Amino acid sequence: MASDEGKLFIGGLSFDTNEQNLEQLFSPYGDIAEVVVVKDRETQRSRGFGFITYRRPEDAKDAMRAMNGEVSGGQSFLAAL
């Protein structure tokens, strides 16, 4: 498996989002290998985007179809491979 297979870009995150919140929202779609919320170096707050890597690329595709454009907790997600 290539390193980017199963990896989703997730945009539209609130500045309060952390890895645990993001994993909880996306875990129903499959087994997650890694969750990264990109943070500002100075404030350590979310920059509004992150990445989720699923162990199976098919799960990433399912999550993308299910969550792209969905709204949860005031966040409207952009999910892309």
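The largest nonpolar core of this predicted model has 13 residues, and those with the most contacts inside it are L8, I10, L22, F26, I32, I52 and Y54. A nonpolar core here is a set of buried Ala, Val, Leu, Ile, Met, Phe, Trp, Tyr and Cys residues joined through side-chain atoms within 4.5 Å. Two or more residues of this core come from each of β1 (7–11), α1 (19–26), β2 (32–39), β3 (46–54) and α2 (57–67); helices (H or I, at least four residues) and strands (E, at least two) are DSSP runs, numbered from the N terminus. In soluble globular proteins, nonpolar side chains tend to be buried together.

S46 sits in strand β3 and is buried, at 4% relative accessible area (buried means under 20%, exposed over 50%, partly exposed in between, with a 1.4 Å probe and protein chains only). A polar atom of the S46 side chain lies 2.9 Å from the backbone nitrogen of G48. Beyond neighbours within four places in sequence, S46 is in contact (heavy atoms within 4.5 Å) with L13, S14, F15, T17, V37, V38 and K39.

D59, in helix α2, also counts as buried, with 8% relative accessibility. Its partners, again leaving aside neighbours within four places, are Y29, G30, D31 and Y54. G30 is 29 residues away from D59 along the chain, yet the two C-alpha atoms are separated by 5.3 Å.

Residues are numbered from 1 along each chain as its sequence is written, and side-chain values use heavy atoms, with hydrogens and water left out. As the model is predicted, local features need pLDDT of at least 70 and side-chain atom pairs count only at pLDDT 80 or more, while totals for chains, interfaces and linings use all residues.

Definitions and conventions:
Polar contact = N/O pair within 3.5 Å; in protein donor to acceptor, adjacent residues only side chain to side chain.
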